[in-house]
Amino acid sequence: SILFSIAQSVILAIMMSKCGVAPMEINPMVGPYPDALSDWGGKNAVNILDDGEWWRLVTPIMLHAGVIHLLCNVAVQLETGAFFEREWGSLKWMVVYLSSAVGSSILSVIFMPDAISVGSSGAVMGLFGAKLSEVI
């Protein structure tokens, strides 16, 4: 979880330095323009379904809409995600995290096909779902 958080932070910093920071009216998360998110691998249903860019089901977890979005996701990922990783081990954590990321991207393609989606929120929520199933 620490390596994912570092990589996500570095990617956002590079994206913002190369693509610029959008005005608050366009991106209130203090981040890049929406087209940059798509160009860098955000979930884009048209590209996934029509162009066969299946890798876009995974790459959104490495992207965030802006600094605020990144800080919120990374805070939960480092606090709770790291706890689950210590409890389950890195391999199980990675399987749950990545399968949740792909699953949330697939659901996003189905239910929000017109939206460009980014962030590790679906993967982090998958960790909570796995823990809930473990408790039950």
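How do the axes of α4 and helix α6 (residues 121-135) cross, and within what distance do they come? In this predicted model, the two axes come within 10 Å and cross at roughly 35°. Two packed helices are described by the angle between their axes and the distance between the axes. Axes are here lines fitted to C-alpha atoms, for helices over the stretch in contact, with angles running from 0 to 180 degrees between N-to-C directions. Helices are DSSP runs (H or I, at least four residues), numbered from the N terminus. The crossing of α4 and α6 is left-handed, a term for a near helix turned anticlockwise from the far one by less than a right angle.

On the α4 side, the contact (heavy atoms within 4.5 Å) is made by H69, N73, V76, Q77, T80, G81, F84, E87 and W88. On the α6 side, S121, V124, L127, F128, A130, K131 and E134 take part. By class, the contact has seven nonpolar, six polar and three charged residues. In this scheme Ala, Val, Leu, Ile, Met, Phe, Trp, Tyr, Cys and Pro count as nonpolar, Asp, Glu, Lys and Arg as charged, and the others, Gly among them, as polar.

Residues are numbered from 1 along each chain as its sequence is written, and side-chain values use heavy atoms, with hydrogens and water left out. Local features need pLDDT of at least 70 and side-chain atom pairs count only at pLDDT 80 or more, whereas totals for chains, interfaces and linings use all residues.

Six aromatic pairs are found in a search of the whole structure. The ring centres of F84 and W88 are 5.0 Å apart and their planes lie at 20°, so this pair is stacked. Rings of Phe, Tyr and Trp (its six-membered ring) pair if their centres lie within 6.5 Å, and planes under 30 degrees apart count as stacked, over 60 as edge-to-face and the rest as tilted. F84 and W88 are four residues apart in helix α4 (residues 67-88), about one turn of the helix. Both F84 and W88 are buried, that is, under 20% relative accessible area, with exposed meaning over 50% and partly exposed in between (1.4 Å probe, protein chains only). Ring pairs link F83, F84, W88 and F128 into a cluster.

The structure holds three salt bridges, each a side-chain nitrogen of Lys or Arg within 4 Å of a carboxyl oxygen of Asp or Glu. One of them joins the side chains of E87 and K131 (2.6 Å, N to O). This pair links distant parts of the chain, with E87 in helix α4 and K131 in helix α6, 44 residues apart. E87 is partly exposed at a relative accessible area of 37%, while K131, at 18%, counts as buried.

K131 also forms a salt bridge with E134, the closest N and O atoms being 2.6 Å apart. K131 and E134 are three residues apart in helix α6, about one turn of the helix. E134 counts as partly exposed at 42% relative accessibility. Through shared partners, the salt bridges join E87, K131 and E134 into one network. A further salt bridge is made by the side chains of E53 and R56 (2.5 Å, N to O); R56 counts as buried at 6% relative accessibility.

Technical notes. Helix = DSSP H or I, 4+ residues; strand = E, 2+ residues; numbered from the N terminus.
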